[in-house]
Amino acid sequence: MLKDFLQTSDIISKICMQNECDVICIQDTHRDKNTIRPTIKNMKLAIERSHNKYGSTVFARRDLKILSIDYTDHNDIEILTIELTNCTITSIYKPPCIPFQFTKPKNFDHQNTQIAIGDFSSHSEAWGYADTNDDGVAVEKWAEDNDLSLIHDPKLLYSFNIGRWKRGYNPDIIFVSKNIRQQAIKYFNKPIPHSQHHPISCKVLDRIRPFKVPFKRRFNFIKANWSAFSRNLDSELKSFPAYHTQYDSFIEIIKKVSRNHIPRGCRVNYILGLFPDQFKDYETYTALFNMNPFSVETFEKGERLMQTIAEAKRIHWHSLLNEIDSK
C-alpha cells in the first residue's frame, strides 16, 4: 500500500517493478473528478474514489482479470474492493477523528479468500501501539466477524514516522482470510522520498517453500571415498619435507586430494524434510499453487504434503537418536 500519490508516478512504478506487484492500493490521492486520472506504468486503473481532500485508487496488473469492482464511502471512510478469480482485495482508508465503521461493498464476500489492506487510523496493542482505543476495538471486532487474521510483525519498522517528534506509528495494517494467514507475509519497502510513509506490501507464498542459501560448495564427508583419500594422501606426502616452512604447501596438498575424493556441491533451494519420494507430490502442489493459490484443492494438497514432510522428519530424527551411542 502506498500513500501520498502526489509523488511522481515513476517512483511508484519502480516500487511496483521491484516488488512484482499484482495489485497496488494508493490512498490520499487528493484528486477530485475534474483532475486528470492517475496513471502508473504497466498497470491499469481498476477503481477510484475521487476526493479533493482524501481519495483512494486501486491499480492492477494489465493482464490481471478483474471480475467486479465496487466501493463505499460512508462518512468518507473509503472502502474499495476488486474481485479477482481467486480472491477479493480491499483498500480501506479511514480519516482521523472519524469513528471506524465498515460499510461492506457488494462484492466483498464474492470469494472465499479476502485480503484487506489500508490506513485504519486506529490504535491497538496487537499492531504495535501502547494502548487500544475505541477504533482499535472496532477494527478487531470487524476482523473477527469476517474471519480475518492480522498480518503483523513487531520486529518490522513503523509504517509512519514523524521526524519532528522522532516517533513511529502503524496506521497501515493488513488483514487476510484465516485460510491463508500462514502464507501471508508483510514486507516494508523503501520509503518514498520526501514522505513520512513506508510503503507496505503483502505477499502470499507457498505453504511449502524452499530456503534460499548462497551458492557455496561444501564437502560431503558422508559420500567421501576415504580409502582412496588415504592412499592418495600417503603417496603425496611420502617425500614431503617435514618443516614448518612448508605448512602452506601441505594445506594445498590436502585441498587437492580432498577435491579428488570428497564430493562437493551446493543446493541453492532446499526444503528441509523433503525426501526424493515426496518430490512428485511437491511438483503437483506447485502446479496447483501456480494455477490457483487459494483453491480448496491447493490448500488440501499443501496440508497433506506438510503432514507427510513433518512425519518424515520425525522418523528421521528418531532414527538419528537411536543410532547415538550414549556410552
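A: Helices (H or I, at least four residues) and strands (E, at least two) are DSSP runs, numbered from the N terminus. The model is predicted, so local features need pLDDT of at least 70 and side-chain atom pairs count only at pLDDT 80 or more, whereas totals for chains, interfaces and linings use all residues. Residues are numbered from 1 along each chain as its sequence is written, and side-chain values use heavy atoms, with hydrogens and water left out.

Q: Which residues of helix 1 are buried?

A: Buried means under 20% relative accessible area, exposed means over 50%, and partly exposed lies in between (1.4 Å probe, protein chains only). In helix 1 (residues 9-19), the buried residues are Ile-12, Ser-13, Ile-15, Cys-16 and Asn-19. Because these residues cover an arc of only 160° around the axis, they lie on the same side of helix 1; the arc is that of the directions from the helix axis to the C-beta atoms.

Q: Which exposed residues does the face of helix 1 turned away from its buried side carry?

A: That face carries Asp-10, Lys-14, Met-17 and Gln-18, which are exposed.

Q: How many salt bridges are counted?

A: Side chains of opposite charge can pair when their charged atoms come close. A salt bridge is defined here as a side-chain nitrogen of Lys or Arg within 4 Å of a carboxyl oxygen of Asp or Glu. By this rule the count is 11. One of them joins Arg-61 to Asp-22, with the closest N and O atoms 2.1 Å apart. Arg-61 lies in strand 4 (residues 56-61) and Asp-22 in the loop between helix 1 and strand 2 (23-27), so the pair ties together parts that are 39 residues apart in sequence. Arg-61 is partly exposed at 27% relative accessibility, and Asp-22 is partly exposed at 37%.

Q: Which residue meets Arg-49 in a salt bridge?

A: The partner of Arg-49 is Asp-73, at 3.3 Å from N to O. Arg-49 is in strand 3 (residues 43-49) and Asp-73 in the loop between strand 5 (68-72) and strand 6 (78-83), 24 residues apart. Arg-49 is buried, with a relative accessible area of 6%, whereas Asp-73 is partly exposed at 32% relative accessibility.

Q: Where in the chain are Lys-301 and Asp-281?

A: Lys-301 is in helix 6 (residues 296-323) and Asp-281 in helix 5 (residues 279-291), 20 residues apart. Their salt bridge has its closest N and O atoms 3.7 Å apart. Lys-301 is buried, at 17% relative accessible area, while Asp-281 is partly exposed, at 32%.

Q: Which residues do salt bridges that share partners join into one network?

A: The network consists of Arg-49, Asp-73, Asp-76 and Glu-78.
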